[in-house]
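Visitor: Could you walk me through this structure, one question at a time?

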Amino acid sequence: VIDELAIEAGVAAEVADITMRTMTGELDFSDSLGKRVDLLKGLSINALSAVADRLPLMEGAEYLFKTLNHLGYKTAILSGGFTYFGQLLQTKLGIDYVFANDLEIEDGVLTGRVLYPIVDAGRKANLLKQLADKEGISIQQTIAVGDGANDLAMLDIAGLGIAFHAKPLVRRSAGQAISTLGLDSLLYLMGIR
């Protein structure tokens with residue numbers, strides 16, 4: 001999503017470079033998020049809506065969440081992305097929880113700052129533990145799915161950690177990896193037909 005916002009702001013190349021270096025683990029997530037969001041300073045909030053309107057859902061997302069909701073699973077978005085987009089997905093897919101980063105907005109434009117706390121690797125892992133406690137389950141009963149270096153801590157503590165369309169570092173580190181199928185393929189790893 002941040003790459004799409006960068007197109008709107010005319011800073012696509014700069015943001016793409018920082019994003020790639022972050023996803024491969026070369027840069028610290030929190031620092032790089034600050035650098036990328038700073039490049040979006042002055043962007044109108046109308047750009048958020050414009051980007052949301054053109055973003056496609058990952059193949060299999062609707063079926064995955066429809067199935068999980070039907071079976072009574074609790075679902076969450078723990079994202080280094082932005083709350084605005086997470087809440088849209090929450091509504092569309094029936095997701096129970098959303099934890100993501102909040103963009104600071106003043107007078108209808110982005111200030112170039114992110115509000116704290118930042119949802120980084122450590123926070124994702126802590127949030128997964130907190131959600132397990134809240135739902136009365138063991139951390140070993142959780143399933144985490146991620147694609148970047150900032151997901152590794154969460155994938156490591158989950159009962160089932162799945163690298164999904166992930167960077168090579170994440171694929172090597174996760175217990176399971178899916179690189180070519182849609183999100184609904186997660187159901188097979190969960191033992192759901």
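Guide: Here are some questions and answers about cores, a helix, the surface and salt bridges.

Visitor: Before that, what kind of model is this?
Guide: Residues are numbered from 1 along each chain as its sequence is written, and side-chain values use heavy atoms, with hydrogens and water left out. Local features need pLDDT of at least 70, side-chain atom pairs count only at pLDDT 80 or more, and totals for chains, interfaces and linings use all residues, since this is a predicted model.

Visitor: How many residues does the largest nonpolar core have?
Guide: A nonpolar core is a set of buried Ala, Val, Leu, Ile, Met, Phe, Trp, Tyr and Cys residues joined through side-chain atoms within 4.5 Å. Buried means under 20% relative accessible area, exposed over 50%, and partly exposed in between (1.4 Å probe, protein chains only). Among the residues with the most contacts inside the largest core are Ile2, Leu33 and Phe82, and the number of residues in this core is 19.

Visitor: Which elements give two or more residues to this core?
Guide: Helices (H or I, at least four residues) and strands (E, at least two) are DSSP runs, numbered from the N terminus. In soluble globular proteins, nonpolar side chains tend to be buried together. Here the contributors of two or more residues are helix H1 (2-9), helix H3 (29-38), helix H4 (46-54) and strand E3 (109-115).

Visitor: Which residues does leucine 40 touch?
Guide: Contact means heavy atoms within 4.5 Å. Leaving out residues up to four places away in sequence, leucine 40 touches Ile2, Leu5, Ala6, Ala9, Val11 and Leu110.

Visitor: Is serine 32 buried or exposed?
Guide: Serine 32 lies in helix H3. Not counting residues up to four places away in sequence, serine 32 touches Ile18, Thr22 and Leu27. Its relative accessibility is 1%, so serine 32 counts as buried.

Visitor: Which residues form a nonpolar patch on the surface?
Guide: Patches are made of residues with over 30% relative accessible area and no salt bridge; like charges are joined within 9 Å, nonpolar side chains (Val, Leu, Ile, Met, Phe, Trp, Tyr) within 5 Å. Isoleucine 143 is partly exposed, at 32% relative accessible area. With about 300 Å² of accessible area together (Shrake-Rupley method, 1.4 Å probe), the patch is formed by Leu71, Tyr73, Ile143 and Val145.

Visitor: What separates arginine 21 and aspartate 17 along helix H2?
Guide: A salt bridge is a side-chain nitrogen of Lys or Arg within 4 Å of a carboxyl oxygen of Asp or Glu. Arginine 21 forms one with aspartate 17, the closest N and O atoms being 3.5 Å apart. Because the two are four residues apart in helix H2 (residues 12-23), their separation is about one helical turn.

Visitor: How far apart are the closest N and O atoms of arginine 21 and glutamate 26?
Guide: Glutamate 26 counts as exposed, at 53% relative accessibility. Arginine 21 forms a salt bridge with glutamate 26, and the distance between the closest N and O atoms is 3.2 Å.
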